[in-house]
Amino acid sequence: MLKDYTPPYNATVVQKLLDQGAVLMGKTNMDEFAMGSGSTDGAFGPVRNPWSYAASYIEQTGATPDSDWVITGGSSGGSAAAVASLTSYLALGSDTGGSTRNPAALCGVVALKPTYGLLSRHGLIPLVNSMDVPGIMTRSVSDAAIILGILQGLDTRDSTTVPAPSSPTELPQDFDIKNVRIGIPKEYHAPGLSEETLAQWSHVADMFEKAGAHVEQVSLPHTQHSIVCYHVLCHAEVASNMARFDGLEYGHRSKVDSSTESMYASTRHEGFNDVVRGRILSGNYFLLQQNYEHYFVKAQKVRRLIAEDFKHVFSSGIDVLLTPSTLTDAARYTDFSQEDNRTRSAQEDVFTQPVNMAGLPAVSVPTALSRRGLPIGLQLIGPAFQDRKLLSVAQWIE
Ligand code: GLN
């Protein structure tokens with residue numbers, strides 16, 4: 001729909017980087033309209049994970065990269081690949097349910113999903129307005145902190161933004177991990193979690209404990225309902241957000257012009273892939289008058305419960321939560337693309353989307369390589385507007 005489209009203005013986050021002298025190298029590939037978890041469903045074809053070409057992966061698996069490459073994860077997979085391949089110092093992504101943390105984990109880079117409201121969404125194409133945030137992808141946690149300092153703050157073009165906190169964003173050199181309380185949510189022991197990722201999760205928890213942090217198990221009881229609610233809310237918002245792409249103002253326009261109606265219909269048929277069309281259809285179904293209470297309103301209520309679970313844990317004195325970022329290391333493209341995108345995509349977001357439902361900050365940090373020689377990442381989640389503290393803990397892991 002927007003393949004050949006050049007926007008007439010810059011997103012606030014892009015403009016802020018340019019104002020600091022950043023050099024914009026280009027736009028990165030991604031799943032169409034940020035819907036997906038593999039970066040296999042973009043208008044420009046699938047994104048290859050640079051680790052497919054790493055000696056570690058080739059030696060461990062005997063893979064031949066041209067026929068047997070692994071995915072980047074998604075949906076902002078091109079951004080993760082740009083940072084992982086050292087092509088760029090930093091990349092931006094779009095994080096509505098995990099789309100920067102997921103590819104960051106699979107590509108071995110850092111991704112920060114800031115607290116909702118800290119970064120302007122002006123110029124970001126909306127997926128779910130109440131969950132979208134620009135995500136920051138870098139090679140190190142301290143780089144992410146610098147970029148956060150540049151991008152955060154009030155923007156009159158996005159009424160959900162808040163003023164930047166007065167504290168500096170550079171991370172303290174002398175951060176003391178002693179007495180930091182780290183929660184391990186028991187519900188995150190999800191089906192499909194690989195043994196290696198689980199082992200890495202326990203290993204880092206042990207490291208924290210040895211260094212004097214308090215590590216304890218906590219409960220976020222509504223986690224199991226999160227993914228279903230996320231998708232109901234996401235599809236409902238997609239149904240209305242995508243209405244703007246009608247072939248009239250901008251983007252693709254079909255040559256079928258026998259009537260206005262048929263021009264609309266063919267534009268949208270030609271311009272959207274089946275994942276996007278599927279979400280528009282199901283979103284409209286959830287919003288039908290007879291379904292609205294049953295799906296949309298119910299999902300909103302459960303969303304509140306999910307946010308309250310986090311609030312409850314943080315008000316009990318927990319400073320940060322430690323979880324895996326993804327279930328496994330990167331899948332092979334041939335395996336990933338054989339499965340039904342929608343099912344696979346939904347499973348992949350299990351650890352990441354609850355944070356977006358609650359508007360909290362989270363960071364994915366690479367911690368190890370799997371037996372296949374591919375990165376494994378862990379996620380830290382903090383209370384709202386504690387992004388700096390969250391990054392300080394993340395830097396300790398790094
Ligand atoms: N995988 C999720 C989805 O498809 C997350 C998308 C995102 O964060 N942009 O909705």
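**Group meeting: a walk through the model**

Okay, let's start with Val110, which touches Ala104, Met137, Thr138, Arg139, Ser140, Val141, Ala144, Val363, Ser364 and Val365, leaving out residues up to four places away in sequence. Before I go on, keep in mind that what you see on the screen is a predicted model.

So what's Val110 part of? The largest nonpolar core has 94 residues, and Val110 is in the group that touches the most other members, together with Val109, Met137, Ala144, Val363 and Leu380. Helix 7, residues 223–241, gives the most to this core, with 8 residues.

Two of those names, Val363 and Leu380, take us to the strands. In strand 8, Leu380 is the bridge partner of Val363. Strand 7, residues 362–369, pairs with strand 8 in the antiparallel sense, over 7 bridges. The hairpin these two make has 5 residues between the strands, and in it Gly373 takes a positive phi near 80 degrees.

Strand 8 has another partner too: strand 6, residues 320–324, runs antiparallel to it and is joined to it by 4 bridges. If you want a spot to look at there, find Leu321, which stands opposite Ile381 of strand 8.

Let's take Ser75. You'll find Ser75 in the loop between helix 2 (55–61) and helix 3 (77–84). Is Ser75 buried or exposed? Buried, because it has 34 C-beta neighbours inside 10 Å. Beyond four places in sequence, Ser75 touches Met30, Asp31, Ala34, Met35, Gly36, Ser37, Ser39, Ser94 and Ser99.

Ser99 sits in a loop as well, this one between strand 1 (90–95) and helix 4 (101–107). Ser99 is buried, since 34 other C-beta atoms lie within 10 Å. Setting aside neighbours within four places in sequence, its contacts are Ala34, Gly74, Ser75, Ser76, Gly93 and Ser94.

Which residues are closest to the ligand? Ala34, Ser37, Thr96, Gly97 and Ser99, out of 15 residues that surround it. By type, the shell around the ligand divides into 4 nonpolar, 9 polar and 2 charged residues.

One last stop, Thr161. Thr161 is in the loop between helix 5 (141–151) and strand 4 (181–185). With 20 C-beta neighbours inside 10 Å, Thr161 counts as buried, because the cut-off for buried is 20 or more. Not counting residues up to four places away in sequence, Thr161 touches Gly117, Ser120, Gly153, Leu154 and Asp155. Thr161 and Leu119 are 42 residues apart along the chain, and their C-alpha atoms are separated by 6.5 Å.

That's my tour, thanks.

Conventions: Residues numbered from 1 in each chain as written. Predicted model: local features only at pLDDT ≥ 70, side-chain atom pairs only at ≥ 80, totals over all residues. Buried ≥ 20, exposed ≤ 12 C-beta atoms within 10 Å, placed from the backbone. Contact = placed C-beta atoms within 7 Å. Core = buried A, V, L, I, M, F, W, Y, C linked by C-beta atoms within 7 Å. Pairing = 2+ DSSP bridges. Near = placed C-beta within 6 Å. Nonpolar A, V, L, I, M, F, W, Y, C, P; charged D, E, K, R; others polar.
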